[in-house]
Amino acid sequence: MPPVKPMLAKSVKKIPPGMQYEAKWDGFRAILHRDGDDVVIGSRTGKPLTRYFPELADALRERLPERCVVDGEIVIVHGGRLDFDRLTERIHPADSRVRTLAERTPARFIAFDLLALGDESLLDTPLTERRTALERALSGSAAPVHLAPATTDTEVAEQWFEQYEGAGLDGVIAKPLDLPYRPDARLMYKIKHERTADVVVAGYRFHKSGPVVGSLLLGLYDDKGALQHVGVCAAFSARRREELVEELEPLVMDPPTGHPWASWADAAAHEGARLPGAQSRWSAKKDLSWVALRPERVCEVAYDHMEGDRFRHTAQFRRWRPDRTPESCGYAQLEEPVSYDLDEVLSG
């Protein structure tokens, strides 16, 4: 019975040998429960997502076994690759808006594990047996419900790791062949792309624990010479958070008159530029205020991939770059993966 939390993965640097390998999808992780006409789509935290994906609920009734629990990922495809921004638009309070988006950009479900079938729980069943049962259960399925491609060939997994990024995928997941299903436990392995970029530090937010740095606000110059907010880097130690406040104090602009992002509090300003502090349904209750810094310092960060013109996830601080000028930090330095059509991924 819902809710059920999904099994999780821990990060490793290299693809481990002797396992089952799958693509790492960049969408909403979801556990699906079907019992006849009743369909519940549960999020990673156990909250229901069913109302946000009405087109999927209908498809799942047609394409899944009558009674089952399936683990997978909800994604939206645009231009042959995954589009996370369009996916987040679905989490909207207005049912009319959700249904309009369901028609305009329909979602897909990528199934990669089977937790129960009929009256039988498969949680203690080894992965290889669950995979066989999943393949049988989805043998007659079709879009928008897909069976995630899987392989036990390490060379194929390495090839997927390189190729699939061009379709917007995160990397590769490795699963031990005898692995039982353990909700909320990090027993799988994820191997993600990591690249580095030199970025301008133009501000910071305080940490929730007090007046110490929580995250640095990062920028890159576009081809028109405007400094665009591209994300944040965080994960500093408690001691380093304190040190950064003192280290960055000479750069503080209070008031921020003349700062490239000085108009961040004006909602209209976000329409023509990437600024920190844009309100959304995800951040409605968060304090998005920040300390403006003169954009004079450059740091190197590690990131996995871009979502449009910003870092998809929180970047990781690597080092200061006193040898780089802020004006030299533009989008041109970012690597672009070779384009790869997602339908080719789903065809296995």
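This is a predicted model: local features need pLDDT of at least 70, side-chain atom pairs count only at pLDDT 80 or more; totals for chains, interfaces and linings use all residues.
A salt bridge is a side-chain nitrogen of Lys or Arg within 4 Å of a carboxyl oxygen of Asp or Glu. Residues are numbered from 1 along each chain as its sequence is written, and side-chain values use heavy atoms, with hydrogens and water left out.

View 1. The side chains of Glu135 and Arg131 meet in a salt bridge at 3.0 Å, N to O. Both residues belong to helix α4, four residues apart, which means about one helical turn between them. Helices (H or I, at least four residues) and strands (E, at least two) are DSSP runs, numbered from the N terminus. Arg131 is buried at 9% relative accessible area, while Glu135 is partly exposed at 36%. Buried stands for under 20% relative accessible area, exposed for over 50%, and partly exposed for values in between (1.4 Å probe, protein chains only). Helix α4 (residues 127-137) has the highest mean pLDDT among the elements of the protein, 98.

**View 2. Strand β3 and its partners.** In strand β3 (residues 28-35), seven of the eight residues are buried. Strand β5 (residues 67-78) pairs with β3 in the antiparallel sense over eight bridges; two strands pair if DSSP finds at least two bridges between them. Phe28 stands opposite Ile74 of β5. Strand β4 (residues 38-43) is also antiparallel to β3, over six bridges, and Val40 in β4 is the bridge partner of His33. The hairpin of β3 and β4 has two residues between the strands, and Gly36 takes a positive phi near 65° there.

View 3. Asp71 and Arg29 join through their side chains at 2.7 Å, N to O. Asp71 is in strand β5 and Arg29 in strand β3, 42 residues apart. Both Asp71 and Arg29 are buried. A second salt bridge, between Asp85 and Arg310, spans 2.3 Å, N to O. Asp85 lies in helix α2 (residues 84-88) and Arg310 in strand β18 (residues 310-311), so this pair ties together parts 225 residues apart in sequence.

**View 4. The buried face of helix α3.** Val98, Leu101 and Ala102 are the buried residues of helix α3 (residues 95-104). Seen down the axis of α3, they fall within an arc of 105° (taken from the directions from the helix axis to the C-beta atoms), so they line one face of the helix. On the other side, Ser96, Glu103 and Arg104 are exposed.

Technical notes
pLDDT is the predictor's confidence in each residue, from 0 to 100.
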